[in-house]
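Subject: The structure I promised you

Hi,

Here is the structure we talked about, ready for you to open.

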Amino acid sequence: MRMKKQKIKEQIGSDVNPVREKKREENPKADKNNLAEAGKKWALVLMGGGARGLAHIGVLEALLENDLVPPIITGTSMGAIIGGLFAAGYLPREIEEISQELSYSRLAKLRQAKLPIPDKIVDYLLLESYQKKLWRRIGVGKSDPLEKSLRELVGDVLIEDLSIRFGCNAVDLVSGKEVFFTTGKLYRALRASMAFPFVIEPARFSRMLLVDGGLLNNVPIRLARELGASKVFVPDVHRSLKKVAARNFSSSFVMVHRMIQVVLADSTDGKINEADLIIKVNPEVDTFDFSKVNWVIRLGKRITQENIEAIRNIVNQAI
């Protein structure tokens with residue numbers, strides 16, 4: 001672990017984790033001449049996908065093992081969380097440890113029990129477990145436990161001070177427009193990008209009410225280009241939208257959930273072809289099924305290893 005951390009330090013030219021390192025006596029500032037300026041300008045774009053997005057951890061692990069550190073990372077929702085933690089200095093193994101907590105969620109336990117529970121019932125239980133917190137907090141200036149947890153992970157580090165160029169997106173419900181985060185407190189940007197509708201309460205920023213960026217753009221490739229990427233690599237973890245029988249729409253939440261699925265599918269299919277390289281990971285798990293964390297991560301790593309030469313070619317073409 002220490003050898004790998006040292007290798008990353010040498011490649012990105014600064015402290016690996018500014019949050020943990022600040023506890024040491026020496027705390028040098030991030031080197032402004034990071035890889036995005038000194039080396040090949042390629043980007044790793046990490047889409048959202050809930051539990052499927054955990055495959056991004058395996059993608060990053062495979063890239064590191066092949067000495068490929070992305071100089072630019074953009075992401076949305078789960079992709080933003082994983083990409084943001086990595087940009088802040090967390091190693092893939094450490095991010096995996098954090099993600100393991102999701103395996104002990106109420107939803108994961110229900111699925112692991114292998115009870116004959118229809119997905120719509122499980123989804124309802126998921127909604128019910130957050131519903132009271134959601135509506136209680138909107139418009140009320142109470143503390144946000146999710147924001148607090150993210151702050152504990154990355155501290156008050158600014159996005160512009162990260163050694164890897166990072167950006168993520170969210171959607172402002174007030175204006176109905178996509179919002180890019182490329183500066184400011186990292187933990188606040190991640191909190192906004194992960195606010196999945198009806199599950200995680202929106203984040204308040206000044207006069208904005210922000211939710212999951214995937215609603216308008218689940219593959220922030222344009223953001224990567226704006227950050228300087230000449231080549232963009234996207235691990236595809238989304239699943240194609242399948243038909244649902246009309247008889248299955250038996251509750252309001254099922255219909256709302258389906259509408260969100262349709263919007264997310266469109267915001268992925270309409271953007272992903274802008275990438276220079278796409279590798280299909282496509283874990284066969286539901287968005288909220290966190291009972292197979294290890295399998296999903298290993299799948300992401302294996303698929304990336306199988307496509308490593310194609311990734312190298314894209315990196316070598318970057319200018």
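First, a term you'll need: a residue counts as buried when its relative accessible area is under 20%. Keep in mind, too, that this is a predicted model.

With that cut-off, let's look at strand 3, which covers residues 165-172. Seven of its eight residues are buried, so the strand is largely enclosed by the rest of the structure. For the chain as a whole, 52% of the 319 residues count as buried.

Which strands pair with strand 3? Strand 2 (residues 72-75) is one of them, running parallel to strand 3 with four bridges between them.

Zooming out, the chain has 14 helices and eight strands. Among the contacts with a separation of 6 or more, 77% are between residues 24 or more positions apart. The chain exposes about 15400 Å², and carbon and sulfur atoms supply 52% of that area.

Now for the charged side chains. Side chains of opposite charge can pair when their charged atoms come close. How many salt bridges does the structure hold? The count is 17, and three of them are worth a visit.

Start with Glu61 and Lys301, whose side chains meet in a salt bridge at 3.5 Å, N to O. Glu61 is in helix 4 (residues 55-65) and Lys301 is in helix 13 (residues 293-306), so this pair ties together parts that are 240 residues apart in sequence. Are these two buried or exposed? Both Glu61 and Lys301 are buried.

Next come Arg191 and Glu201, with a salt bridge of 3.9 Å, N to O. Arg191 sits in helix 10 (residues 186-193), while Glu201 is in the loop between helix 10 and strand 5 (203-205), so the parts tied together here are 10 residues apart in sequence. Arg191 is buried, with a relative accessible area of 0%, and Glu201 is buried as well, at 6%.

Arg239 lies in the loop between strand 7 (231-236) and helix 12 (252-269), and Glu284 lies in the loop between strand 8 (277-280) and helix 13, so the pair ties together parts that are 45 residues apart in sequence. Arg239 is partly exposed, with a relative accessible area of 29%.

There is also a network of salt bridges that share partners, joining Glu61, Glu65, Arg93, Glu96, Arg298 and Lys301.

Last, the rings. The structure holds one aromatic pair. Separately, look at Arg188: its charged end sits over the ring of Phe205, 4.0 Å from the ring's centre.

Happy exploring!

Technical notes:
Residues numbered from 1 in each chain as written. Predicted model: local features only at pLDDT ≥ 70, side-chain atom pairs only at ≥ 80, totals over all residues. Heavy atoms only, no water. Phe/Tyr/Trp six-rings, centres within 6.5 Å; stacked < 30°, edge-to-face > 60°. Lys NZ or Arg CZ within 6 Å of the ring centre and 35° of its normal. Buried < 20%, exposed > 50% of the residue type's maximum accessible area, 1.4 Å probe, protein only. Helix = DSSP H or I, 4+ residues; strand = E, 2+ residues; numbered from the N terminus. Pairing = 2+ DSSP bridges. Contact = heavy atoms within 4.5 Å. Areas by Shrake-Rupley, 256 points an atom, 1.4 Å probe, with all protein chains shown as cover. Salt bridge = Lys/Arg side-chain N within 4 Å of Asp/Glu carboxyl O.
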